Amino acid sequence: MVVTARLRPPDRVVEVADVRRVADLLARLEVLQGAVLVIRDGALLTSQDELHDGDKVEVRFAISGGG
Amino acid sequence: MTATRSRSGSPSAGEGDTVAMRCKRCRGTVVIEVRRHNAAFCRDCFLHYVGQQVTRAIAKYRMAGHTDRLLVAVSGGKDSLALWDLLLELGYQADGLYLSLGIGAYSERSKAVCQEFAAERGATLLVHDLAGEHGYTIPEAAGKGGRSSCGVCGLSKRYVFNRAALDGGYDVVCTGHNLDDEAAVLFGNTLRWDTAAMARQFPVLEATRPGLVKKVKPLYRVAERETAAYCVLKGIDYVVEECPLVAGNTQMRHKETLNQMEEAAPGTKHNFLFGYLDRAAALLKVADDADLTECARCGMTTLAPEDPAAEAVCAFCRSKARLVKPLPIVEVASR
């Protein structure tokens, strides 16, 4: 199975194979769960939600700088 | 939906017993986990939770009343738009203020997002322009006069927000600083033992003199991942892309460090910030004896110079003088 992940910001797209749950995907991407939201079809996913072959998800970083 | 849950109660993949992860409040289907509270929420209960955190913040520090006129500093980002939405939902008289910083397409997109947000809610948005009103943009200012782009940006915003609130007769300026922002700033100040800056870091800064407007941070109890989730769940279109000038920003590095610690021990940022506010901030405030006076150039409040004979000029006017060169004097022959 392959999941397509759009990471932003900055915008980039990667394909990740053989990930069963959101937590697995984030681990493979080496992204901290507490720093991102994962969105599929406009809905938030939790770390334990299952992923399916062909899924397209957005991994949105919630950290912003400034000041 | 099922999830594995570790002994502490927080879910972890691939180990432990498999149990259904349910909303802490109503046992409904979970859309987000809040690990520092060992909790997970459905959509409606999460929105309730965020509203409750803001209500508690406002009540604890007496930030504002429903008869006050609030001015919300909005950038088009998740925090400030979530804050404006929450304040309107909670029944406050809250207008928005957008300051255009002149950062090309990024600033144009940010302004458009704020205008659209205001139009959808019938809310009032004031728009100020740094170049038009003060003669410089943030990209022009970057690296000049010894301040980083983020340093000049923060200084400019604080000045313009205070002045706009005074001119508009507002009682309170509200900013979207969240738990992560405050923890990262405290972390940086602590690493430098900058006790003067620490003494001024508080969820509310009262208007202690004429010329100062009360400043409040109603989101200080809400993590930035939660403000982003609030926007997604409420359908608030915010600017996801990062400011193009923020690369290498110190506060970002501090946030990354704190997030690593938070991942290993959920609640670290919360305990660091709230422990400071509850047990240490008052001690530093007592020790902060900064003497204030009026800026000789603009009349705004500033620190009094150590030498009583020296002219008191605020940081904004000093910075502006370095950035905006006066026009050359050209002699015109009289007829």
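**Note on a predicted two-chain model**

1. B:L130 is buried, because 24 other C-beta atoms lie within 10 Å. A residue is called buried if 20 or more other C-beta atoms lie within 10 Å of its own, exposed if 12 or fewer, and partly exposed in between, with C-beta atoms placed from the backbone. This is a predicted model, in which local features need pLDDT of at least 70 and side-chain atom pairs count only at pLDDT 80 or more, while totals for chains, interfaces and linings use all residues. Residues are numbered from 1 along each chain as its sequence is written, and chains are lettered from A and ligands numbered from 1 in the order in which they are written.

2. B:L130 belongs to helix α4 (residues 130–134) of chain B. Helices (H or I, at least four residues) and strands (E, at least two) are DSSP runs, numbered from the N terminus. Leaving aside residues up to four places away in sequence, B:L130 touches B:L99, B:S100, B:L101, B:G102, B:Y136, B:T137 and B:S156. Contact here requires that the C-beta atoms of two residues, placed from the backbone, lie within 7 Å. B:Y49 is 81 residues apart from B:L130 along the chain, and their C-alpha atoms are separated by 37 Å.

3. Chain B contains 12 helices and 12 strands. Of its 335 residues, 39% are buried. Among contacts in chain B with a separation of 6 or more, 63% join residues 24 or more positions apart.

4. Helix α1 (residues 43–60) of chain B has 18 residues and should span 26 Å at 1.5 Å a residue; its end C-alpha atoms are 26 Å apart, which agrees. The expected span is 1.5 Å times one less than the number of residues in the helix. The buried residues of α1(B) are B:C45, B:F46, B:Y49, B:V50, B:V54 and B:I58. They pack against β3 (32–34), β4 (39–41), α2 (78–89) and α9 of chain B. Just after α1(B), B:R62 has a positive phi of about 45°.

5. Chain A has one helix and five strands, in the sequence pattern β-β-α-β-β-β. Its five strands form an open sheet of mixed pairing, in the order β2-β1-β5-β3-β4. The edge strands, β2 (12–17) and β4 (43–45) of chain A, each pair on one side only. Strands pair if DSSP finds at least two bridges between them. Strand β1 (residues 2–8) of chain A runs antiparallel to β2(A), and six bridges join the two. Within this pair, A:L7 stands opposite A:R12.

6. For the 67 residues of chain A, a compact globule would have a radius of gyration near 11 Å, and the chain has 11 Å, which agrees. This radius is taken over C-alpha atoms, and the globule rule is 2.2 Å times the number of residues to the power 0.38. Of the 67 residues of chain A, 43% count as buried.

7. Where the chains meet, 22 residues of chain A are in contact with 33 residues of chain B. On the chain A side, α1 (22–29) and β3 (36–40) each supply at least two residues. Helix α9 (residues 224–234) of chain B lies across β3, β4 and β5 (56–61) of chain A, at about 20° to β3(A). Axes are lines fitted to C-alpha atoms, for helices over the stretch in contact, and angles run from 0 to 180 degrees between N-to-C directions.
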